[in-house]
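Colleague: I have the sequence and the model open. Can we go through a few helix contacts and polar side chains?

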Amino acid sequence: MKKILHIITRELKYISKSRLLVFALLVFPILDILLLGGIYMSGTLTKLPIAVIDNDNTKISRNIVRYFNASPDMQLNYRLSNVNELHDLFNNQKAVLGLYIPKYTQQNIKRQKPTSITVFINSSNYIMGNMMDLDATTILSTIGAGVKYKTLTKKGGHPKQAIDLVQPVQINQAKLFNPSLNYNFYLTPGIWLSVLHQLLILVGALAISSEFDLRTIMLMLRVPRKSLFKALVGKMIVYCLFAFLHFAFLYFIIFPIFHIHIVYSKLAAMGLSLCFAFASISLGFFLASLLKTRMNTLKGCLLISAPAFLLSGYTWSLDQMPKVIKTVVQVIPLTPFLEVFRKIYQQNLGIEFTLYYLIQLIGIGITYFYFSYCIISMRIYFLRKGSKGILFTG
């Protein structure tokens with residue numbers, strides 16, 4: 001126990017003297033969390049600019065335009081005379097949707113002739129394009145149903161029968177877990193945790209690679225090699241302590257500021273997050289032990305942590321990914337953690353739904369920790385053998 005305490009004290013002193021680690025552990029996470037959180041703080045996209053080409057200019061066409069402008073997602077910013085002007089707006093990213101109402105629209109509707117209204121959607125941004133498509137379809141379907149209802153009632157049909165003909169199937173929607181479709185509630189926690197994942201891998205890697213690069217690894221191990229395990233445990237405790245502080249700050253301070261609530265339990269989230277921290281730091285240990293130099297280790301950290309969020313299944317289902325990728329990403333701690341975290345903070349699910357992922361995280365952490373210990377032991381053995389017993393003292 002004294003050896004572990006000695007390593008903890010030594011590591012804290014080393015961190016306090018390193019500007020890079022002080023910035024990485026104390027300043028960078030806070031700044032990054034606040035910056036990234038501010039991007040999606042509005043929660044939903046509103047008042048997206050739209051343009052209208054109304055070549056009919058009748059009561060019905062003006063009503064159609066008014067329905068579009070009344071949508072909370074849209075705002076009529078441009079009235080145009082031709083499609084070329086609309087193309088210019090799209091090319092300059094000044095409009096998301098263009099509504100083209102041809103001549104004789106009202107006349108065709110009154111004569112019960114087919115009429116066509118064209119909706120141009122700028123889908124270069126998938127989220128905005130998908131939203132505009134859904135809103136436009138809903139608005140035009142509603143208008144079409146209203147026209148059909150009036151036609152049926154004017155022909156003497158009973159209003160109730162007309163409604164049944166216009167809408168034969170009643171749709172009752174029940175949106176679960178994120179009923180308001182709030183983008184901030186959905187995406188921001190995943191991004192925050194992805195940032196912490198990168199940070200934990202990085203500091204775990206630096207904790208090992210720096211010892212070899214600065215040739216202080218032998219100084220750390222003043223007693224025989226069996227103390228390596230205690231040294232790694234001491235380092236792990238230090239960085240898990242910092243991780244605990246970061247997760248506490250995130251869940252108890254940042255989440256409420258951004259109106260994000262953990263539905264199940266903050267304490268359960270903290271417990272799972274510590275297992276996640278253990279696995280991520282162990283991955284950093286493993287990369288540092290395997291890649292030898294600090295520069296190669298940093299490259300390895302970047303190679304794994306940069307795409308981890310996209311590969312985690314948080315925004316794109318793992319089931320839709322190729323089997324090879326789906327299998328490989330399971331050894332990245334962020335993948336099981338984001339899956340189980342979503343069950344806790346959104347779905348209000350307890351231990352019976354999260355135990356599997358908890359065991360997976362612990363298993364990943366133990367595996368990486370064990371391999372790190374084995375590889376570092378071999379490196380120390382060859383280092384001692386190569387130096388003929390002379391210990392590096394830094």
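Colleague: In which hand does helix 10 pass helix 11?

Modeller: This is a predicted model, where local features need pLDDT of at least 70, side-chain atom pairs count only at pLDDT 80 or more, and totals for chains, interfaces and linings use all residues. Numbering starts from 1 along each chain as its sequence is written, and side-chain values use heavy atoms, without hydrogens and water. A crossing is left-handed if the near helix is turned anticlockwise from the far one by less than a right angle, and right-handed if clockwise. For helix 10 and helix 11, the crossing is right-handed.

Colleague: How are the axes of helix 10 and helix 11 set, parallel, antiparallel, perpendicular or oblique?

Modeller: Helices here are DSSP runs (H or I, at least four residues), numbered from the N terminus. The axes of helix 10 (residues 228-257) and helix 11 (residues 266-291) come within 9 Å and cross at roughly 140°. Axes are lines fitted to C-alpha atoms over the stretch in contact, with angles from 0 to 180 degrees between N-to-C directions. Under 35 degrees is roughly parallel, over 145 roughly antiparallel, 65 to 115 roughly perpendicular and the rest oblique, so helix 10 is oblique to helix 11.

Colleague: Which residues of helix 12 make the contact with helix 11?

Modeller: The axes of helix 11 and helix 12 (residues 294-305) come within 8 Å and cross at roughly 135°. Contact means heavy atoms within 4.5 Å. Helix 11 brings Leu283, Leu287, Ala288 and Leu291; helix 12 brings Asn296, Thr297, Gly300, Cys301 and Ile304.

Colleague: Is serine 289 buried or exposed?

Modeller: Serine 289 is found in helix 11. It touches Ile208, Ser372, Ile375, Ile376 and Arg379, not counting residues up to four places away in sequence. Buried means under 20% relative accessible area, exposed over 50%, partly exposed in between (1.4 Å probe, protein chains only). Serine 289 has 1%, so the residue is buried.

Colleague: Which residue's backbone oxygen lies 2.7 Å from a polar atom of the serine 289 side chain?

Modeller: Take the side chain of serine 289. A polar atom there lies 2.7 Å from the backbone oxygen of phenylalanine 286.

Colleague: Which side chain does threonine 216 join in a polar contact?

Modeller: Threonine 216 sits in the loop between helix 8 (183-213) and helix 9 (217-220). At 16% relative accessibility, threonine 216 counts as buried. A polar contact is a pair of N or O atoms within 3.5 Å; within protein, one must be able to donate a hydrogen and the other to accept it, and residues adjacent in sequence count only if both atoms are side-chain atoms. At 2.5 Å, the partner of threonine 216 is glutamate 211.

Definitions and conventions. Helix = DSSP H or I, 4+ residues; strand = E, 2+ residues; numbered from the N terminus.
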